[in-house]
Amino acid sequence: MSLLHLDAVMAIEAGAYPFPWSHGNFVDSLAAGYDARVLYDDEGAILGYFVAMAGVEEMHLLNITVAPRAWHLGHGRFMLDALEALCRERGARQLWLEVRVSNERARAIYRRRGFAEVGRRKGYYPDARGKREDAVVMSLGIEGAGDGLD
C-alpha cells in the first residue's frame with residue numbers, strides 16, 4: 001500500500017465500517033513503516049487490504065478489510081494467509097489483533113483460523129450510542145516462525 005492507494009482504500013473503509021479509520025490513520029501507518037498490503041482484482045481494482053505492525057517476535061494486525069462487494073469470496077482468508085506468511089518471514093512467533101466484542105462474524109472467522117480469545121480491552125472502540133465498546137484480544141501462534149534463526 002502507498003499513498004496512491006488511499007482514495008480507494010478510504011472508499012472501502014467507509015463502506016465496511018460505521019467507525020472507519022481516518023485518512024490520517026493510514027498516512028501515519030505508512031509513515032511509520034508498518035506492513036500495509038493491498039489485494040487487487042483482475043482489473044486492478046482494490047478488493048482489500050491489511051495493515052500490521054511488527055514487534056519483537058510478534059506481529060499486530062491493526063486493520064484487515066475486504067470491500068463489501070467482495071465479501072464471502074475467500075479474499076479475507078487469502079489476506080490472512082499472506083499475513084501469516086509475512087509473520088514467518090519476519091520471525092514473528094505470535095500474531096495479535098483486537099476485534100469488537102459485537103463482531104461475532106469476525107470473531108468466528110478468527111477462531112476457525114486458530115486464534116484464541118485471550119483478553120479484553122475495556123472501552124476500546126467507539127459505538128453508535130456515543131459510548132465505548134470492548135475489544136476482544138485474540139492471538140495466534142505462528143508455526144515455523146523463527147525456525148533456524150535461533
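Reply: Start with β3, which gives the most to the lining of the largest pocket, with seven residues. Before going on: this is a predicted model, where local features need pLDDT of at least 70 and side-chain atom pairs pLDDT 80 or more, while totals for chains, interfaces and linings use all residues. Numbering runs from 1 along each chain as its sequence is written, and side-chain values use heavy atoms, with hydrogens and water left out.

A pocket here is an open set of points on a 1 Å grid over the protein atoms alone, where a 1.4 Å probe fits, with protein on both sides within 12 Å along at least five of seven lines; lining residues have an atom within 4 Å of a point. This one holds about 1300 Å³ of space, the volume being what probe spheres set on the points fill, with points joined across faces, edges and corners. Its lining counts 40 residues, and Y17, I64, N103, A106 and Y110 lie nearest the centre. Besides β3, the elements giving two or more residues are α1 (6-16), α3 (75-90), β4, α4 and β5; helices (H or I, at least four residues) and strands (E, at least two) are DSSP runs numbered from the N terminus. By class, the lining has 22 nonpolar, nine polar and nine charged residues (Ala, Val, Leu, Ile, Met, Phe, Trp, Tyr, Cys and Pro are nonpolar; Asp, Glu, Lys and Arg charged; the others, Gly among them, polar).

Now the sheet: six strands form an open, mixed one, ordered β1-β2-β3-β4-β6-β5, where pairing takes at least two DSSP bridges. β1 (35-40) and β5 (116-126) stand at the edges with a single partner strand each, so one side of each has no neighbour in the sheet.
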